[in-house]
Amino acid sequence: MNKIFIIIKREYFTRVKNKTFLLSTFLLPIVFLLFIVGSTFLAIKSQTKEYIAVVNDSGFFKENLKSDSSSVIFDFAADVNSSNYIEKGYSGLLQINSDTAAKRYVIESPKSLSVGTMDYIKGQMNSAIENNMLQQLNINKNLLDSISKASENAIELSNELKTGEKANAQLAYGVGFGSGILIYITMFIFGAMVMRGVMEEKISRIAEVMVSSVKPFQLMMGKIIGIAAVGLTQLLLWILLIFVLLTSMELFLPAEAVEQFKQIQETQQQFGVANNTMALELLQAKASFISEVNWLVIISCFLFYFLGGYLFYASLFAAVGSVINEDPQEAQALMLPITMPIIFAFIILAPSIDNPESSLAFWGSIIPFTSPIVMMGRIANGVPEAVPYWQLFLSMSLLVGGFIFTTWFAGKIYRTGILLYGKKASWKEMIKWIRRS
Amino acid sequence: MSILKIQNLKKYFATQKAVDDISFEIKKGTIFGLLGPNGAGKTTLIRMLTGIFYPDEGQILFDGKKFDPINDVVHIGYMPEERGLYKKMKIGEQALYLAQLKGLNKTLALAQIKEWFVKFEMQSWWNKKVEDLSKGMSQKLQFVTTVLHQPKLIILDEPFSGLDPVNSNLIKDEIYKLAEKGCTIIFSTHRMEQVEEICDQIILVNKGKKILDGTVKQIKNDFKENLFRIGFDSMPMLNGTAPFEIINTKEFSYIVKIKDQYKPNDVLNYFLKDGVQINSFQEILPSLNEIFIKLVEGTPMTRQFQPAN
């Protein structure tokens, strides 16, 4: 046991002290932050105030079109027409034609108005027209609102969702996809790290010196656990740094931007307009981060599946590393059977998040070859709402059983392969090594 | 008292009998030569002695007890022929790491490393990386890491390859010193002149079997062919029945093989009775190299693969 610990210590510290490790650990969150701040800044700067003149208004638009002080301001001046609105400083002209043959509503503008502005104007007009129609038909607006609200509540109840826990589909998708991708990437990064470490030991011929002091299995496990610790350190530092940076983000953003963000959020709530700038989405996600997602469950599941998935594949990567000699092309061919299921898991990640109840998602998240990636996609939809406890438990125990099996299996190949020089091992020979011992 | 006793050791691989029923014994404090052509089974034999492989049959007694790889490896230092070190690691850290894996605690290991580094004039290397060392330098480091934990048994596979004569002698002296202190050294090599110089006892392995076992002197005697070189002032005439056959004639000397039933004195008498001036008379013992070639020759240089059963 003591020897494994010495090996773990070496594997861990030689990597953690490495400059590339420090660089990637601290640079990535900063790049992430700069990206968010930068794109938020750009998104806000690019929003300009538009003054829209409304002409030929019969009266109800004046009552119902609400200006938004930051983006769209409606003006109902009398002496504006299509020939002079630019001179008078308006960026657009909304004409309401009384004759029904022509188009009733026309917006004129010397430039093309942004999608957001157009959406806002259309939304305001729709609600104005709707209100007008309701009035004409003598329907009480308040009554209608209360009816639709009641029906919404009824739907929620039928979903057995409490109002407070209403799943934010977009956020779940983001979290599920993000953590799935992160596991996919880290599995490759740290798996390849194990493989390169084993290859280094074999090529530099230190393996034989080592196995005269420690058992090959200890050497392999020391390396795998050491690199797992490196991976965990890096992930935890990332999670920590990103949380710190996100919570302190208001300090980096101008006050005006935060104000605007709040308004945008309000309008979104009013009209359900999907906002498509990533930065705003993230800001919004941050706002609902702690409230709407069970972070404890997600982070602990993430760490479990990261570790489980890594351990499941790392020993296989180690076995591949042990049978190759200097030729990197051999590595390619031997890695294929390991990388295929990982890539397959990544492919079925998106459909599984879209449809967490499907049989593809179910089996993908149970079978240990794909479960670390696919299950993370499903978990974001909620435990136990989307993933019942028994499925989570089954998936986790199969993964644990799986990595015990792959470690045992790979250990046998590793033991022989690490001492074999010059000769390329064939699949047939490797099977023989497993059978013999 | 023997440090190592090997009895009927066998290790068969799928394609060949790597070690096929080998027995021998090594006395404490001796330098033991393990000889054999390439692919004779030396490495497999050594790997069993270092606990890397388990024998299929037979047993190994280490220091009087049954060899227990897990606990006994700390008493063994092994420098394989295919040697290597972690290239990116600093030399001091590397030596410390390998010593700790052999069960030394940190303080003791550091003291030992310092002592050896001083001995080999390596103090200034501490913070260098292995990749910056020359081949000879890394060889010295490798030797230090092998003997650092004061093993009872040191196994050196081709320890002098790649070393210049100065460093070769440095290591050779250390080997002698270690043997004097009671360490036993197994020395595996192809270089016979070194074996003749260093080893007390040798075995020769070929095709997985032991074909020769004994002290260098005794083996040379066993293989002597009663050859003598006789030097003269002027080449004598040969008449009558001589007690020898002439194998080779050189300028002012014969190389003769003494016939059976005759002794060297008979040869001398044969010349002296004619009043021939003899200025040298010397027995020609075969070199280990010749014995080696003689025994191994005729068998294919590389082993043919043969089924194990």
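## Ground rules

Helices (H or I, at least four residues) and strands (E, at least two) are DSSP runs, numbered from the N terminus. The model is predicted: local features need pLDDT of at least 70, side-chain atom pairs count only at pLDDT 80 or more, and totals for chains, interfaces and linings use all residues. Residues are numbered from 1 along each chain as its sequence is written, while chains are lettered from A and ligands numbered from 1 in the order in which they are written.

## Chain B as a whole

Let's start with chain B, whose secondary structure comes to 10 helices and 14 strands. Its C-alpha atoms fill a box of roughly 80 × 50 × 35 Å along the principal axes. Of the 309 residues of chain B, 36% count as buried (20 or more other C-beta atoms within 10 Å of the residue's own, with C-beta atoms placed from the backbone).

Two residues are in contact if their C-beta atoms, placed from the backbone, lie within 7 Å. Among contacts in chain B between residues at least 6 apart in sequence, 71% join residues at least 24 apart.

## Where the chains meet

Across the interface, 15 residues of chain A are in contact with 17 residues of chain B. On the chain B side, helix α3 (residues 91-101) gives the most, with three residues.

## A helix pair in chain A

Now to chain A, where the axes of helix α8 (residues 216-247) and helix α12 (residues 295-323) come within 10 Å and cross at roughly 150° (axes are lines fitted to C-alpha atoms over the stretch in contact, and angles run from 0 to 180 degrees between N-to-C directions). Among the residues making this contact are A:Gly231 and A:Leu235 of α8(A) and A:Phe306 and A:Tyr310 of α12(A).

Technical notes. Buried ≥ 20, exposed ≤ 12 C-beta atoms within 10 Å, placed from the backbone.
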